Amino acid sequence: MSNALHPLERRVLAALAPLGSAPFEALVAAASLNEDQVRRALQWLASKGLVSIGSSVESRLELVREPPELDLVHQVSQAPAPLTVGELRGKFDSPDEFSAAFGRARGSGWIKVDEGPAQVVRVADAAGIESLRSVVRSIAAGKAEDDMTSEEAGIVSDLLKRGLVRRVETRTTTVAVTDKGRISSSLASDAHLIDRLTPDILASGTWRGRKLRPIDVEAKAPSFFPGRRHPVRDFIREVREVYLSMGFTELQGDSVHSAFWNFDALFIPQDHPGREMQDTFYLDGLSDAALKRSGVVAKVASVHEDGWKTGSRGWGYRWRLEEARRLVLRTHNTVLSVKALSETKEREARVFAVSKVYRNENLDYKHLAEFYQMDGIMVGEGLNVRHLMGFLTEFYKKLGMAGVKLWPTYFPYTEPSLQVVGYSKAFKSWIELGGSGVFRPEVTQPLGVRVPVLAWGPGIERLMLMRFGLEDMRALYGSDLSWLRNRGELAGS
Amino acid sequence: MPVVRLELSRLAEMVGAGEERILDRLPYIGLDIESANSRSVRVEYSPNRPDLGTDYGIARALRGLLGKETGLPEFQTKPSGITVIVDRKLAKVRPYIACCVATGLDLDDEDVRQIISLQEDLHNGLGRKRKAVAVGLHDLDEISPPLSYRAVPSTFEFVPLDGEKPSSIRSILYDSYEGRTYGHVFDRSKVFPVISDSKGTVLSFPPIINGNATKVTTRTRRMFVDVTSTSQKDGDDVLAILATTLSEVGGKLGTVAISYPNKTRVTPDLAPTELPFDLDLVRSVIGLDLPRREILGCLARSRMGVRGNIALGPRYRIDLLHPVDVVEEVALGYGIDRIKPVFPPSNTPGALNEFEEFLDSVSTVMAGAGMIEMMTYELTDRKSLYDSFERPSSEKVTVQNPKSLDHSMLRDALIPCLMAALSGNVKSDYPQRVFEIGRIYTRAFDGVKEFWHLGCLVAHSQASYTEAKMYLEAVCRLLAGLEIVTKAAEHWAFSPGRCASVTAKEEGLGYIGELRPGTIDAFGVGVPASGFEIDLSKLYELLK
């Protein structure tokens, strides 16, 4: 702990030093501060050993209510004529209170009731009642418990039990300056030290030959939250740079597409559970009326029906334009790659997009309705499965996921199809990271593409969870300020 | 994805290999292990491979991959002598039926469980929830051929599966779980299909429910399978998968004659599927210059055969459409994990999208200004988007059948999403300063238009119009060198008198202002908030 003093500490110490020691309230008055400020300053000063704080507890007795039997005996002794029990009862407001007082006074032998039908009440032991009366008086007069005789103490303890008397405790805090405090105080009030450097002091040169008053360099500074980019944005940046380093060109495109581009062009049959399985969001009451069965659309339709001239059997059903016109929020970004393929006549190309896809899911720890995919395709003469494997292995390595494995899987639009799996230490198992494959001729040929196309469409969230040590995907998009403000910057790199 | 549960000791016996070896190879025939314990494992299989829907089918594939039993499996069939006569009145209801018989069965509980699980998967997958195809399994001993597949009225009665007394078609459709779940396939039809035998015993009311009389149990030695469908191909495919599975279980297959008014077919036809066998395609797609003999070996391990330049696939492989499908079988037979990856060097320079780069810079500038970036969902709910701002929702863009109403409409602005985010952070320290760069949607004729916006909110006891403007001016200056102009305006997000339109070079960019107290209250944010929202696509245009 530094010995430098906070302004509040200086003020309190200065007020206390001439007094030597003082009760807390007196110190508050002397320092012209509020109680909280003085309390805080004293806490700091005490922890530095500059003041000592003592406290004492005093207890005194306080009369809650006069014992009713005193009144009863008083009534009996002061009555002009002897009273009967009935008359005496009439002088009390509450019959219960009368019964209690009467029982107690008679039981203690202070009064007695004459034999006979008249039931006249008389005082029997005036001295006895007087000792109770005197205790009550001395309590009211503020007599300390310690000064009482043992007989009086007995009566007090009985009154305490009955709740007629209570003990009130008052705590007094007394503060005293220590020797160390005196020295510190004289230093603190040294007017030669500079509290705060100001432009005036600098301009006037009055700083020369003076020192800055030491401050508490160990004190906590107020909390502060710098502005930050979203961790998903940083990760996307990283993915884009990895793609760029591998010679890819970035695509950007709309989220809303016709079912034709999202599904049909990818050889996903119109009644395939895939269109449900992928839990698609279709836009209510909207469709792409401009889509006609001509050009690419006609070719794709024929591929579905009978394979067109691709050498495929096709799916063997009647393709419907209306189904293809429905508008969907893209379920994968492969739709962007396919559109790009249909537009480019390049025989060699590498393109990618990192953007959102949408699935009609109930949100849970591993499902989101909106998430990011980092799809890409590689087009070129002679490309094959080994190149796909080589690319994916290298791509994931660059993203910090070495040692991925490739397992066969199925997609309607690729053949062969491979899924990338990475080992999760958290789950102690192989986790699917993304799908990939070689586009089927049923996909490429209607677009006029005659060379192999390698394609992949992995999500980014699982990789991010592994990096951040999170187990719930919702955490990434939960808008939790506390996490966004305090997460470790390097956890994501 | 459909799931099948495998008992490991049973599978190991069927395959003739150790459990460890089997677990290691399952992923390499395309099965994803969903969960496992020491005795059993649940695997997901692709919907295009229903032949992997039982442990028998999986064992058949694994025996091939492990070299225990390779090549095209052959399936013998003999005529069963049974005929099914099809009523012409069913042509518009559920026209096709295909059947087979399996005899000599000796099923245990697990066999029955596997077959029923396959039947359910076929109903849900290829059967499109029984709409396209439905399967009935029956005890042949309870049946007196010939059978008829005929149209009956809704008053027709029979005892449905697990029922005690006869019910009418109408009551099954309206009162039973199956009827309510699948009955819509009949639309407004006045006749309904049933399969019954020569004594009038009802086998099935497809695709709703079977009759009770012909129920299959472990005591069933002879099984009759019916498959009804709306397309002949789908029905044949499903029957092929069931018949070949029953053959694996140990059944001897018998064919059934289906007598339509104008023709007679014999089902099942289990002849192999033929595809052109193109060695060059195999070599070029896989990228391995394998000799023909080795390629034939790979295909044999994938349970395929070759005759000259024709590749032969077992009839249960309904996924073979194109010669590239043969290529994948070679790759699988070779072993995906034996194929060595090659990194393809890049001949192209590559480039980042300029607008994406711009968006990334916006994020950097806003963060540098002290703002926390939020990424909220584009699909949101009516309350935060419209009601909390007391504005009409007539222009809303909604999605069909959202699973959650929290994600039922596309946002047309970012401020509502940011307010919703702040309402979830009222326990965090103030001041709170947040922004989002995101896509928004507006309705246009019969489609939607998409825009990129920047939204920004500051919330704390002193939040004001001036503070918001301070940030907005800085951002526009730093990003595009633009001086913005603010003019008094009205906007649903902001308080009248504390709201302005934002323009630069006479181009409208967006709005700025202090949030309405009613809105702040609706979101339960207890402090003043101010902010702005601008169109980044327009800002980008001005920059260029």
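Where in chain B is Pro268(B) found? Pro268(B) lies in the loop that runs between β15 (264-267) and β16 (273-276) of chain B. The model shown in these views is predicted, with local features needing pLDDT of at least 70 and side-chain atom pairs counting only at pLDDT 80 or more, while totals for chains, interfaces and linings use all residues. Residues are numbered from 1 along each chain as its sequence is written, and chains are lettered from A and ligands numbered from 1 in the order in which they are written.

**View 1. Two cis peptide bonds, in chain B and in chain A.** Thr267(B) and Pro268(B) are joined by a cis peptide bond with omega of about -5°. In chain A, a cis peptide bond links Glu415(A) to Pro416(A), and omega is about -5°. Pro416(A) belongs to strand β14 (residues 414-424) of chain A. Helices (H or I, at least four residues) and strands (E, at least two) are DSSP runs, numbered from the N terminus.

**View 2. Positive phi values at Arg130(B) and Asp187(B).** Arg130(B), a residue other than glycine, has a positive phi near 70°. Its place is the loop between α4 (109-124) and β6 (133-139) of chain B. Phi of Asp187(B), also a residue other than glycine, is positive and near 50°; Asp187(B) sits in the loop between α6 (177-182) and β10 (191-196) of chain B. A residue is buried if 20 or more other C-beta atoms, placed from the backbone, lie within 10 Å of its own, exposed if 12 or fewer, and partly exposed in between. Arg130(B) counts as buried because it has 20 C-beta neighbours inside 10 Å, whereas Asp187(B), with 7, counts as exposed.

**View 3. Helices α3 and α7 of chain B in contact.** Helix α3 (residues 55-65) and helix α7 (residues 232-249) of chain B pack at an angle of about 80°, their axes 9 Å apart. Therefore α3(B) is roughly perpendicular to α7(B), a label given to angles of 65 to 115 degrees, with those under 35 roughly parallel, those over 145 roughly antiparallel and the rest oblique. Axes are lines fitted to C-alpha atoms, for helices over the stretch in contact, and angles run from 0 to 180 degrees between N-to-C directions. Tyr56(B), Gly57(B) and Arg60(B) of α3(B) make the contact with Thr245(B), Glu248(B) and Val249(B) of α7(B). Two residues are in contact if their C-beta atoms, placed from the backbone, lie within 7 Å.

**View 4. The largest nonpolar core.** This core has 190 residues, of which Leu392(A), Val330(B), Leu418(B), Leu422(B) and Leu457(B) touch the most other members. A nonpolar core is a set of buried Ala, Val, Leu, Ile, Met, Phe, Trp, Tyr and Cys residues joined through C-beta atoms within 7 Å. Not counting residues up to four places away in sequence, Leu418(B) touches Met374(B), Val434(B), Glu436(B), Gly455(B) and Leu457(B). Another core, of 58 residues, lies apart from it and includes Val133(B) and Phe205(B).

**View 5. The side of chain B that touches chain A.** In this contact, 75 residues of chain B meet 74 residues of chain A. Elements of chain B that each supply at least two residues include α10 (323-334) and β23 (432-444). Helix α11(B) gives the most to this side, with eight residues.
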